[in-house]
Amino acid sequence: MPRNPTALPPLPALQAFEAAARHESFMAAAQELNISQSAVSHRVRALERHLGYALFERLPRGLRLTENGKAYLPSVRSAFAEILGATTSIFGLNRASRLTIRAPLTYSALWLAEIVSRFSAAHPRIEIRMHSSVWAENLALDDTDVEIRLGYGHWAGYRAELLFTDPLVPLCSPRTLEAEGKSLDVADLASRPLVHIVGLEDQWHDFFAAHAPDTVMPKPKSHIHTDSSVAAATIAANGPHFCLLAETFAEHFERSGSLVRATDQTIASKQGVYLLTAERTGPLLPEVEGLKRWLRERAREQSICRHVSR
C-alpha cells in the first residue's frame, strides 16, 4: 500500500518515470535527463515505493509499462504540459523563436486569428506563421508545430486533443427569410436550394433525419457544392440558398448581420475540432506548450459563454 497516498511524488522521480516510459529504456531516459542509468532506475523505484505499485515490468531488453503505469502516464504527461504551459504563459519567453500553425481556412480566419493575435501580443518575441488548408488529411506536419483539424480524433503519427465540438446551425440571408413570409420548419428547408460543403455533404442529411425523418429531400439543380464554410456562408448571404454551419462560424455571420438562423433546430456535429502535434520523442518546445495552453483556454471560454447564454 502507498506510504502516504495524499503526498505529492517527488518531481525528479516523475520526470524519470515519464522519460523511461517514453523511451521504454532506463539508459535512453538517462541520456535525455543527463544523469546515470542507475539514478533513473533508483528514482523510478523510489516512485514505485511511494505509490505502492510497480509501474514497469523489467524485461531482458527494455521496459514495459504495467497496467497501473499505463493508467498513470497520461496524467503525469498532462501535468508536465500544464506546468510548462503556465510558466510560458505567465512569465513569457526570453528568446526569439518561431511558431508555425496550420488550420482549415475557415477556422483560421474566423476562430484562430483572434487567438493568435492575443498570443502574439503577449509574446512579441515569437514569430508566428499561419498556414491555411482545405484538405488537411493529405498534408504532413513536418514543418508545423501545431495544427487544428476537424475530424474524429484519429490520425497516424499525431497526438490529437479534442478542443470542442460545434452544433450545426441552418442559416440564410435576412432577405431570404423575409421573402418566405412565414416561420420555416425543417420540412420547408428540404425543398429549398441548399449549399453543400464538399466532404461534409451528409450534414444536411443528418439534419433532416434528426428533425424530420419522414421528409424526402429532393435534389434540385439549384443546389451548390463548395469546399469551404466561408464560401458556403457567402453564397447564402448573397442569394436564396441555405447553408448549415458550425456554430462558431454562425455566430460570426450573425453578428455581422449577413446571415440569420433559418430555424431554431440544430444538430450535434459528428466531428470535433482537434489540436494536433506530431508524435515526436522528447517534450514539446515551451513555445508550443504555451500556444496549446492559449488554445485550450479559448475553447473553455467559448464553451462557458455558450452555456451561460443558454
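Mentor: Gladly. Angles under 35 degrees count as roughly parallel, over 145 as roughly antiparallel, 65 to 115 as roughly perpendicular and the rest as oblique. Axes are lines fitted to C-alpha atoms, for helices over the stretch in contact, and angles run from 0 to 180 degrees between N-to-C directions. Helices are DSSP runs of H or I with at least four residues, strands are runs of E with at least two, and both are numbered from the N terminus. This is a predicted model, where local features need pLDDT of at least 70 and side-chain atom pairs count only at pLDDT 80 or more, while totals for chains, interfaces and linings use all residues. Residues are numbered from 1 along each chain as its sequence is written, and side-chain values use heavy atoms, with hydrogens and water left out.

Trainee: Why are α2 and α3 called roughly perpendicular?

Mentor: Their axes cross at roughly 105 degrees and come within 8 Å. The range for that term is 65 to 115 degrees, and α2 and α3 are therefore roughly perpendicular to each other. On the α2 side, F26, M27, A29 and A30 meet Q37, V40, S41 and V44 of α3, where contact means heavy atoms within 4.5 Å.

Trainee: What makes up the contact of α2 with α3 by class?

Mentor: Six nonpolar, two polar and no charged residues. Here Ala, Val, Leu, Ile, Met, Phe, Trp, Tyr, Cys and Pro count as nonpolar, Asp, Glu, Lys and Arg as charged, and the others, Gly among them, as polar.

Trainee: Why is α1 called oblique to α2?

Mentor: Helix α1 (residues 11-23) packs on helix α2 (residues 26-33) at an angle of about 125 degrees, with the axes 8 Å apart. That angle makes α1 oblique to α2. In the contact, α1 supplies Q15, A16, A19, A20, R22 and H23, and α2 supplies F26, A28, A29, E32 and L33. By class, the residues of this contact divide into seven nonpolar, two polar and two charged.

Trainee: How do you know that the length of α3 agrees with its number of residues?

Mentor: The expected span is 1.5 Å times one less than the number of residues. For the 15 residues of α3 (residues 37-51) that should be 21 Å, and the end C-alpha atoms are 21 Å apart, which agrees. Just after α3, G52 takes a positive phi of about 85 degrees.

Trainee: What makes E18 buried or exposed?

Mentor: Buried means under 20% relative accessible area, exposed over 50%, and partly exposed in between, with a 1.4 Å probe and protein chains only. E18 has a relative accessible area of 12%, so E18 is buried. This residue of helix α1 is in contact with L73, V76, R77 and F80, leaving aside neighbours within four places in sequence.

Trainee: And why does Q203 count as buried?

Mentor: Q203 has 11% relative accessibility, so Q203 counts as buried. Q203 lies in helix α8 (residues 202-211), and, leaving aside neighbours within four places in sequence, is in contact with L168, L244, I267 and S269.

Trainee: Why is N34 called exposed?

Mentor: N34 has a relative accessible area of 71%, so N34 is exposed. N34 sits in the loop between α2 and α3, and its phi is near 60 degrees, a positive value in a residue other than glycine. Most residues other than glycine have a negative phi.
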